[in-house]
Amino acid sequence: MRLPYVPDPPPTHSAEDSAIVDRVRARRGSRGLTDLDRALLHAPAVADGWNSFLGAIRTKTSLPEDIREIAICRVAVLNKAWYEWKHHAPIALAAGLSEESLNSLKSDRAEGLNEKQMAVVEYTNAMTREVTVPDAVFDKLRPLFTEREIVEITATVGAYNTVSRFLVALDVGEMNETKGT
């Protein structure tokens, strides 16, 4: 990483900082602090907001796990955030994606996906590459997802674009040079 990781356990300078570390640890559970957490904890208030927001994206939406993980993995590929890919590809597989379908997300020709999954890939591509989503792409989501789900997909893609840019800019996990292997 381009900065040193915060030690584990992180030094804290106030009761508020200690509470933030406790909240991050509680969300991570037995996995403990990740390299991402140890980067974010240089700025405890940022780590706290990140933890709350990404915790909601990961665990409090109504999205099926495969839909959420397809969006996250596709963002990882588009932004070359291989640390993100490493952590989310196994979740996508556990959610039912085949190895072939998952790996096809690394190309512009995703294969083996159903109509809903493919609509999410196209939406993720547009949001990540162009920001402005063409009506034709958005219109594919409308009959397939509820308004709540569309908001949650949009928030997931937006959130993980933030995550991937943070990871790549700081080279969290020292994976920038792995090229997704």
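In which helix is the place of T124? T124 is found in helix 7; helices here are DSSP runs (H or I, at least four residues), numbered from the N terminus. This is a predicted model, in which local features need pLDDT of at least 70 and side-chain atom pairs count only at pLDDT 80 or more, while totals for chains, interfaces and linings use all residues. Residues are numbered from 1 along each chain as its sequence is written, and side-chain values use heavy atoms, with hydrogens and water left out.

**View 1. Surroundings of T124.** T124 is buried at 0% relative accessibility (buried means under 20% relative accessible area, exposed over 50%, partly exposed in between; 1.4 Å probe, protein chains only). Apart from neighbours within four places in sequence, T124 is in contact (heavy atoms within 4.5 Å) with A71, R74, V75, L78 and V157.

**View 2. The aromatic pair of W50 and F166.** The structure holds two aromatic pairs (rings of Phe, Tyr and Trp, the last by its six-membered ring, with centres within 6.5 Å; planes under 30 degrees apart count as stacked, over 60 as edge-to-face and the rest as tilted). The ring centres of W50 and F166 lie 5.2 Å apart with the planes at 55°, so this pair is tilted. Because W50 belongs to helix 3 (residues 44-59) and F166 to helix 9 (residues 147-170), the pair ties together parts 116 residues apart in sequence. W50 is buried, at 12% relative accessible area, whereas F166 is partly exposed, at 22%.

**View 3. The aromatic pair of Y123 and F138.** This pair is tilted, with 6.1 Å from centre to centre and 55° between the planes. Y123 lies in helix 7 (residues 115-129) and F138 in helix 8 (residues 135-141), 15 residues apart. Y123 is buried, at 4% relative accessible area, and F138 is partly exposed, at 26%.

Key:
Helices (H or I, at least four residues) and strands (E, at least two) are DSSP runs, numbered from the N terminus.
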